[in-house]
Amino acid sequence: MASGLVAGVGLIVGFAVFSVMRTGAESTLRRNLVADLALRVHWAGRDIHDGRLLVRMVASRPFLADQLAAADAGRPAARKAVLRGLHAFLAMRISAIALYTNTGGLFADAGRFMAHPAVEMPLRGKLGTTLLWSASRGFVLRVGLPVRRAGTVIGWVIGDVPLPTVAHLLRGAGALGAAANLSLCGPAGSRMSCFPNTLAPGRAFPDAARTYDGRPLPMSYALAGRTGFTVTRNYLGRRVAAAFRPVGRTGLGMALTMDTAALYAPVYREFLVVLPLIVGVLIAALLILRWQLAPLVAALVASERDARESHARLRDSESYVQAVLDSVDEGITTISETGIIETFNPAMGRLFGYAPEEAIGQNVSLLMPEPYRSRHDDYLRRYRETGEARIIGKGRELTGRRKDGSEFPVDLRVSEFSLGGKRRFIGTARDATARKEAERRMEYIATHDALTDLPGRTLIQTRIEQLIRRAERSGQMFAAMFVDLDNFKEVNDSLGHDAGDRVLRLVARRLRETLRAEDTVGRLGGDEFVVLTGALVTPMDAALIADKLLRVLSAPYFVDDRTVHCSASVGIALYPQDGRDADTLLRHSDAAMYQAKRTGRGGYRGFDEAMNAASGDQLRVVSDLHKALSVGELVLYCRPVRACADGHVTAVETVLKWRHPEQGLLDADDFLAIAEEAGLALSLAEWTLREIGREIRRWRDRGLRPPRVLIRLGARAFRDAHLQESFGAILEGLGAGPGSLGLEVGEDDLMDDPEASLGALAGWREQGIEVVLAEYGAGHSSLAYLKRFALRAIRLDGSLTIDGSADGGIAEGPAAVIATLHALDIEVIASDVATAAQYEAMRRHGCDSYEGDFAGPLVRADGCERCLAQGQAAQPPMD
């Protein structure tokens, strides 16, 4: 009876010990798994958010939008500037970045994008954001965002941002024990797609089931947006204890599991040790109670030691997470719901100048300047009572206060979590000083001219708007002066572009030194400058300033031991009489400047005076043109277009001139624009057509085979349907076929109404007449319109003609334009080729034909036979 009682008591004690040990292990496991997973989910979500924030920062840079717009405006240097900016972004944890135009074409890229990812998971609620993984690159966040300018999408930025923290968290779960597994998955319809986990770090599971044996897996709860703990079977059929939680609002889920067999193994092992000991003790107790007690106590002590070791391993995982927090460069702190700092990692201490022990236990307002410091407790109380938050759950730039009292910008994000039934907050902080300085520098580069360091067009318009607001308050006037250098092209042609650039820098310096500190000097491009001077009393004040500028700019320039003389012309527009907005003032000052050039270079003109004078001049020109058409004062000149390959003449360009009885021989630029406005463009076009038809017939009568003859038309004549019909009739009457003629139309004339131009192009092609786009590269036509126009030949603007001395950066622009046109199967004609060096450079860059002094001189149409005879002999161009 006694032995049975002792045996029964022993068994009860043994099972009680086993139950207590198992319950304690489960409780500790649940608490530690839930807390550990919450922290890992927070870090994963933070890493994803920061990666998207990096790409958003790039896409929101005004510099990129301005350079994309500049590229559409035909400025090849824009791509080079963007490339420098993109390479700078690679230092900001971005592994690859690409900029696309709004039409989908790649504009510029830097770095190396992840190719062929094993898992590709779009994130919910974050359009254009995808989490990628490959065995060679690990986790990468790919973000695509629009680039906006004035509210309009003009391009797209796509960036790859590595996520080392996510990979580190997955691998680090192994510190919990060999049976621990951390997994990250996303939805894939009714199934799920999983990234590599702790137990399979090099293998992804792109198509996995959400259930096992009809029961949901822990990850299925996380993907459904639920947070919790369960004991169930995993995808391998093993019984596990699992904590699960969604990763913010990304649609991803994370689950941390521990194999219960591994968890309870020490307990079972201890129980199997304890039970035989208890039995042995009971048997021995019948023989001698004294010798039984010692082994029993020893067994119990050993069992407790094993349990403590199991619990210590779980605590080690907390130490591991703390070690990660201590090693990251980002400041991290946790705060109680009353605002008391509970943890403060070393990076936070370096950021604010406090040691962790100095900050822990203090109110978090310690890190804030006034007035935020004194208001913080009220804000926190209002949040607890109403849930109204301005910072929690959002990333913001705030001002921080260091221990020494200095203030600095800080990027802060505060998130809320619950632990032990109590509300807590976790804050992450980064010093934003370097970022803000980089943004300030990028903004400066985007708004200033790189050559002269003067404000560019955007900043000039901003300054004009500021002057307008000031003038509205004070009632004073101010002047916008458009300054253009005279004959600057001759400086570039004779001394080279490097010398021309030095002259432009000297001009900028003289303008700055001549004007007051409150005045503005800016450069629009080329040799065009803008001067803004305020607080004027009378228009005469502006005239005196313009006269002073002209005297300063007309002084000699000393460049490379040479003396350069270069005067300027100035146009003046006054606020408010000449315009009440920036665009109008700039346009009117530009018009006044051109009038100053027409009436004699080296002078200045006011807008009103210039426009009145121009009106009178135009009336005289129109009257004289009517007379010229009737008395035969118009003269037709020709110049050859030669093939770059062998020098034979592929076409003949016609140039209209006017032998004015008083002003001598006038170029077409002196009267064609006025003829367009006066409605004489059609009459001039018909006269030119008749003359060309006679010349073609005469050339054929002399045994020559004339190539295609190109006639230049303005916008109005080009779109005139009656002229299209009369072309065919006139050619038929003169015996010249449609293939004998082609048309040239300027880029600006074609693009001022693209839809009307498309209709006109179709009409000319019905007549069998091809159209050549002239001065390409000086206007604003886009590749999209070139494709719609389906042009077969384009003549480049003379500004794109270079010689062999041009450096690589300058040569890249023409080479890129030529390559792009060839890709569209368009013949490319170089303009204004005057030297053998220019011919060789343009031939090397791929031009098909060229025109200019090197191709042949401009001669009268009735003296063109020699040129045609030489062209048919196909002689290569000679130096």
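Figure 1. Cys-638 has a relative accessible area of 0%, so it counts as buried. This is a predicted model, so keep that in mind for every view here. The closest cysteine sulfur to that of Cys-638 belongs to Cys-864, and at 4.7 Å it's too far for a bond. Another cysteine, Cys-566, is buried too, at 3% relative accessibility.

**Figure 2. The disulfide between Cys-185 and Cys-194.** Searching the whole structure turns up one disulfide, and here it is: the sulfur atoms of Cys-185 and Cys-194 are 2.0 Å apart. A disulfide is a covalent bond between the sulfur atoms of two cysteines. The torsion about this S-S bond is about 105°, so the disulfide is right-handed. Neither end is left out in the open: Cys-185 is buried at 2% relative accessibility, and Cys-194 is buried at 7%.

**Figure 3. Strand 7 and its two antiparallel partners, strand 14 and strand 8.** Strand 7 takes in residues 180-188, and seven of its nine residues are buried. Six bridges join strand 7 to strand 14 (residues 253-259), while four join strand 7 to strand 8 (residues 191-194). Have a look at Cys-185 here: its bridge partner in strand 14 is Gly-253, and in strand 8 it stands opposite Cys-194, the cysteine it forms a disulfide with. Strands 7 and 8 make a hairpin with two residues between them, and Gly-189 in the turn has a positive phi of about 70°.

**Figure 4. Trp-658 and Phe-671, an edge-to-face pair.** A search of the whole structure finds eight aromatic pairs. In the one shown, the ring centres of Trp-658 and Phe-671 are 5.5 Å apart and the planes are at 85°, so the pair is edge-to-face. Trp-658 belongs to strand 28 (residues 649-660), whereas Phe-671 is in the loop between strand 29 (664-666) and helix 18 (672-678), so the pair ties together parts that are 13 residues apart in sequence. Both Trp-658 and Phe-671 are buried.

Figure 5. Tyr-839, Tyr-850 and Phe-854 form one aromatic cluster. Elsewhere, charged side chains sit over tyrosine rings. The charged end of Arg-510 is 3.7 Å from the ring centre of Tyr-557, sitting over that ring. Lys-657 does likewise with Tyr-637, its charged end sitting over the ring at 5.8 Å from the centre.

**Figure 6. Helix 10 and what covers it.** Helix 10 (residues 372-386) has 15 residues and reaches 20 Å from its first C-alpha to its last, close to the expected 21 Å. His-376, Tyr-379, Leu-380 and Tyr-383 are buried in this helix. An α-helix has 3.6 residues a turn, so residues three or four places apart point the same way. The cover over the buried residues of helix 10 includes strand 18 (407-419) and strand 19 (422-431).

**Figure 7. Two cis peptide bonds, at Pro-371 and Pro-576.** Most residues other than glycine have a negative phi, and most peptide bonds are trans. The bond joining Glu-370 and Pro-371 is cis, with omega about 5°, and Pro-371 is in the loop between helix 9 and helix 10. The bond from Tyr-575 to Pro-576 is cis as well, with omega near 10°. Pro-576 is in the loop between strand 25 (568-575) and helix 16 (582-598).

**Figure 8. Arg-93 and Asp-560, non-glycine residues with positive phi.** Arg-93 has a phi of about 75° and is in the loop between helix 3 (77-89) and strand 1 (96-101). At 28% relative accessibility, Arg-93 counts as partly exposed. Asp-560 has a phi of about 55°, and its loop runs between strand 23 (557-559) and strand 24 (562-564).

**Figure 9. Asp-47 and its contacts.** Asp-47 is part of helix 1 (residues 2-59) and is buried, with a relative accessible area of 5%. Leaving aside residues up to four places away in sequence, Asp-47 touches Arg-93, Leu-163, Pro-164, Thr-165 and Val-166. Arg-93 is the positive-phi residue from the previous view.

Notes. Residues are numbered from 1 along each chain as its sequence is written. This is a predicted model: local features need pLDDT of at least 70, side-chain atom pairs count only at pLDDT 80 or more; totals for chains, interfaces and linings use all residues. Side-chain values use heavy atoms; hydrogens and water are left out. Rings of Phe, Tyr and Trp (its six-membered ring) pair if their centres lie within 6.5 Å; planes under 30 degrees apart count as stacked, over 60 as edge-to-face and the rest as tilted. Buried means under 20% relative accessible area, exposed over 50%, partly exposed in between (1.4 Å probe, protein chains only). A charge sits over a ring if NZ of Lys or CZ of Arg is within 6 Å of the ring centre and within 35 degrees of the ring normal. The expected span of a helix is 1.5 Å times one less than its number of residues. Contact means heavy atoms within 4.5 Å. Two strands pair if DSSP finds at least two bridges between them. A disulfide is a pair of cysteine sulfur atoms within 2.5 Å.
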